[in-house]
Amino acid sequence: MKAVLRVNPIKCAAEGICAELFPERIQLDDWGYPIIEQGEIPEALIEHARQAVAECPRLALILQEQS
Amino acid sequence: MSEPSPLWYTTRGAGTVTLILLTGVVVLGIVTSTRWKSEDWPRFLIAALHRNFSLFLVAFGLLHIVTALFDPAVFLGLKALIPFASDYRPLWLSLGVISGDLILAIVLTSLLRDRLGYLAWRIIHWLTYASWPLAMLHSLGTGTDPHAAWFLFVAAGCAAAVMAAIFWRLGLGLEEHPNLRFLSQSVCALSTLGLVVWTAGGPMQSGWARMAGTPSTVLAANSASNDTLAPGVDDQLRGSLIRANDGTVEVSLSDTQNPALQLTLDVTGSGAGQANLTATHNGTQICQVPASIGNAVTAQCGQTQLTITLRSTSQTSNQVIGELITEAA
Amino acid sequence: MVIADIAARTLPRLLIGTDGPESLADHVGRLGALPELRVDADRWQLISTLEASGLRGRGGAGFPVGTKWRTVAVQAQAAGGGVVLANAAEGEPASAKDRTLLALRPHLVLDGAVLSARAVGASEIVLYIGREMTRARHAIEAAIRERRSARLKEPRIRIVDAPDRYVAGEESAAVHRINGSDAKPTVVPPRPFQRGIHGAPTLVQNVESLAHAALIARLGETWFRAAGTATSPGTCLLTVRSADEVRVREVEFGTTIGQVLAGLERAEAPQAVLVGGYFGAWLPWRRAADLPLEYDALRAAGAGLGCGVVLALPRDCCGLAEGARILRYLADETAGQCGPCVHGLHAMADVMWRVAFGRPKGNDAGQLRRWAGQVAGRGACRHPDGAVGMVKSCLDTFADELEAHARHGACPAALRAAAVAPIPDQEGGWR
């Protein structure tokens with residue numbers, strides 16, 4: 001199961017909740033916008049990714065899961 | 001005198017808890033919109049609390065509505081869910097109905113946000129700013145506890161919390177527009193003051209229940225179960241004595257500490273030491289019983305023994321003052 | 001010059017010598033009728049010819065044209081229809097090639113548009129043209145009228161205005177505008193070739209690319225490859241500029257930048273060249289003079305053809321000042337949709353302004369590079385990428401000037417000289 005996390009830069013409004021919930025892969029830039037580490041998300045961290053996606057107030061995060 | 005049913009207590013309690021939870025939801029929502037955070041309070045925590053509070057709110061709100069609608073003392077029925085259609089205090093009840101409808105809309109759109117999209121969700125969410133004052137006015141106008149200190153404490157706390165949060169939010173959001181900020185914060189402060197003034201002059205006054213549209217049957221029942229003439233009363237009375245041409249004397253008294261309570265003594269003069277005592281609460285008669293006049297006036301109203309002592313304030317005027325003591329018969 | 005001449009001679013292929021637009025009669029007289037592509041086999045044959053020609057897009061991305069047409073043709077077949085978007089927005093202030101081409105050879109462009117519609121199976125053609133291009137607009141409108149009068153059996157060609165904004169010509173922005181909204185980029189996927197105008201697969205092609213395709217369709221890929229180099233065949237239109245001059249020239253690929261600039265009035269060699277556009281790269285003269293205009297050579301030098309802008313910076317100007325002005329313009333021209341782009345470009349523009357016209361602080365260059373790393377790739381479109389590329393190449397090319405500014409403050413050239421790179425006033429909305 002491959003999973004890649006992406007942010008929709010137009011919807012994103014720098015709420016910052018994603019970085020709180022998934023600091024392993026998401027850092028905030030100087031202006032509060034998420035920098036998502038590229039690459040697949042390992043199985044162990046998938047739940048954090050899903051939580052970050054669910055909690056984004058702007059629905060700006062997308063987790064693309066391909067089996 | 002009928003005992004208030006458990007449903008009545010439940011609805012009052014649930015309603016109060018709903019008001020507290022709604023206050024919490026609104027304050028947390030305002031905090032969320034300021035994007036405030038701290039070490040101990042990350043944003044996801046505040047957001048999750050806001051959401052959990054709103055779910056509890058729905059639960060207690062439903063409890064409050066169901067118990068209120070089916071309370072046998074004031075059987076509102078489902079009809080009351082239509083604004084202005086209830087028999088009981090239609091305006092004030094309807095404010096609650098509308099508030100509930102708004103909250104329902106907000107919760108539903110939040111659950112369906114994925115399908116609705118952010119903008120539609122955001123617009124409807126703004127309605128929370130309307131649902132809270134409606135709930136507050138509803139609880140003050142409809143509630144049967146506006147005199148009770150505990151309720152006033154809760155209501156004051158809720159109002160203070162929301163108004164403080166709005167005040168803070170305006171301060172943050174309008175930092176760069178000092179004039180607009182001053183104006184809006186003044187409106188906030190003045191409306192808080194207005195709420196206090198209105199509460200003191202409206203719901204807290206005697207006669208409010210009738211003015212707000214409580215049906216008279218309910219008023220009578222409530223008065224009967226009201227503990228105005230319960231044992232343990234020790235109030236100062238004030239009133240006037242009127243001597244009519246036919247020799248009858250009428251003494252009209254009101255309880256200074258409970259102005260809703262009026263006592264009228266009709267001394268007919270035919271039987272020495274005998275009089276008729278009529279007690280009314282908010283204009284509705286509680287009891288009309290014979291009273292004996294000796295050193296004091298005594299009468300029994302229901303299970304309560306009343307003792308009234310009177311004296312004139314002066315030789316010339318017809319003003320009288322006195323004391324009312326009640327004890328268990 | 002008739003088709004035989006064109007086949008024989010290398011240049012000019014697109015541009016003609018006269019001032020005014022070429023009439024339909026002259027165009028057909030010169031080139032003959034447009035190939036009809038009557039059967040399916042003809043469509044796919046044309047697409048194969050384009051692929052073999054090695055023609056690459058001239059809008060800025062340089063994507064192989066044949067491959068693009070094939071992709072859209074397949075999508076359109078599956079979807080039951082498609083649309084062609086002929087892109088003449090030309091939001092790049094330094095570029096004038098597209099409007100010049102439209103003004104001189106409107107029928108060649110329209111030929112290309114009609115051909116592409118037939119090839120990919122599109123029933124509709126939209127010409128997306130800059131709102132303020134009056135000359136080009138008149139020429140193309142007259143050409144469309146001529147073709148209608150001649151009762152050519154062609155799909156209807158609709159004109160839609162592009163607002164005067166830098167990103168209006170970006171493919172998703174163009175589609176968004178034509179679908180009735182602002183000319184602002186949208187998040188992809190889906191890309192226009194999958195779902196574009198009215199949800200149909202859309203071929204977005206620069207008008208110069210269409211013009212080349214119109215000639216290849218008649219003259220074949222061997223003819224096209226007779227000019228240019230093996231890896232970069234054919235010719236391209238360039239907007240060549242210096243302090244007071246603007247010229248649109250057609251050159252063969254492989255021509256060096258030095259040769260391109262020869263013939264500009266200034267005798268003195270420039271100190272540096274901006275290649276590609278405001279999203280392109282600065283190159284010092286010693287690097288640029290003998291650099292051939294070829295995709296691979298340019299990439300190796302850290303540049304690209306872009307939209308064909310070659311801007312020569314005279315010796316008495318300051319490269320940092322030009323870069324700062326351009327960056328400020330690019331920051332003001334964001335669509336305002338993506339945080340990293342809006343905040344990043346404005347922050348960089350402020351620091352770059354200080355570097356050019358004030359007194360740079362010790363870590364200004366480092367800060368600019370750090371932000372450049374943070375901003376690139378994090379927008380919905382490539383606007384921030386282009387801007388940071390331009391800034392990084394500016395800091396590299398003018399490193400000595402940067403040090404001088406740090407020591408002594410802004411140089412006299414920065415403070416005195418008028419801008420070489422044109423910076424338009426920003427007005428107007430997004431439609």
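1. Let me start with helix H6 of chain B: eleven of its 15 residues are buried, so the helix is largely enclosed by the rest of the structure. Please keep in mind throughout that this is a predicted model. The buried set in H6(B) includes B:Trp132, B:Met136 and B:His138, and the run from B:Leu134 to B:Thr142 is among the buried residues too. These buried residues pack against four helices of chain B, namely H1 (6–34), H3 (90–111), H7 (149–173) and H8 (178–201).

2. The geometry of H6(B) is a handy check. The helix covers residues 128–142, and at 1.5 Å a residue its 15 residues should span 21 Å; the C-alpha atoms at its ends are 20 Å apart, which agrees.

3. Chain B also has some strands to look at. Strand S2 (residues 249–255) and strand S3 (residues 258–267) of chain B pair in the antiparallel sense over seven bridges, and a hairpin of two residues joins S2(B) to S3(B). If you want a landmark in this pairing, B:Leu253 stands opposite B:Leu263. S3(B) is also joined by six bridges to strand S4 (residues 274–281) of chain B, again running antiparallel. Here B:Gln262 has B:Thr280 as its bridge partner in S4(B).

4. Now for chain C as a whole. Chain C has 18 helices and nine strands. A compact globule of 431 residues would have a radius of gyration near 22 Å, and chain C has 22 Å, which agrees. Its C-alpha trace spans about 70 × 45 × 35 Å along the principal axes. Of the 431 residues of chain C, 55% count as buried. As for contacts in chain C between residues at least 6 apart in sequence, 74% join residues at least 24 apart.

5. The sheet in chain C deserves a point of its own. Five strands form an open sheet in the order S6-S5-S9-S7-S8, with mixed pairing. Which strands stand at the edges? They are S6 (246–252) and S8 (281–284) of chain C, and each has a single partner strand, so one side of each is left without a neighbour in the sheet. From one strand to the next, the twist averages 25°.

6. Within that sheet, strand S5 (residues 235–241) of chain C runs antiparallel to S6(C), and seven bridges join the two. C:Val240 has C:Arg247 as its bridge partner in S6(C). Helix H5 (residues 97–104) of chain C packs on the sheet and touches S5 and S6 of chain C; the direction of H5(C) makes about 115° with that of S5(C). Helix H16 (residues 383–397) of chain C packs on the sheet as well, touching strand S7 (272–275) and S8 of chain C. The direction of H16(C) makes about 15° with that of S8(C).

7. One loop residue is worth a click. C:Leu11 sits in the loop between helix H1 (3–8) and helix H2 (24–31) of chain C. Is C:Leu11 buried or partly exposed? C:Leu11 is partly exposed, because 13 other C-beta atoms lie within 10 Å, whereas 20 or more would be needed to call a residue buried. Leaving aside neighbours within four places in sequence, C:Leu11 is in contact with C:Thr235, C:Glu250 and C:Glu252. C:Leu11 and C:Ala227 are 216 residues apart in sequence, yet 8.6 Å apart in space from C-alpha to C-alpha.

8. On to the way the chains meet. Two pairs of chains are in contact, and chains A and C share the most contacts. Ten residues of chain C are in contact with ten residues of chain A. On the side of chain C that touches chain A, helix H14 (residues 339–357) of chain C gives the most, with three residues. That side divides into four nonpolar, five polar and one charged residue.

9. Chain A also meets chain B, with nine residues of chain A in contact with seven residues of chain B. Helix H1 (residues 17–21) of chain A gives the most to the side of chain A that touches chain B, with three residues. The residues of that side of chain A divide into three nonpolar, one polar and five charged. No contact joins chain B and chain C, and their closest C-alpha atoms lie 15 Å apart.

Definitions and conventions:
Residues numbered from 1 in each chain as written. Chains lettered and ligands numbered in written order. Predicted model: local features only at pLDDT ≥ 70, side-chain atom pairs only at ≥ 80, totals over all residues. Nonpolar A, V, L, I, M, F, W, Y, C, P; charged D, E, K, R; others polar. Pairing = 2+ DSSP bridges. Axes fitted to C-alpha atoms, helices over the stretch in contact; angles between N-to-C directions. Expected span 1.5 Å × (residues − 1). Buried ≥ 20, exposed ≤ 12 C-beta atoms within 10 Å, placed from the backbone. Rg over C-alpha atoms; globule rule 2.2 N^0.38 Å.
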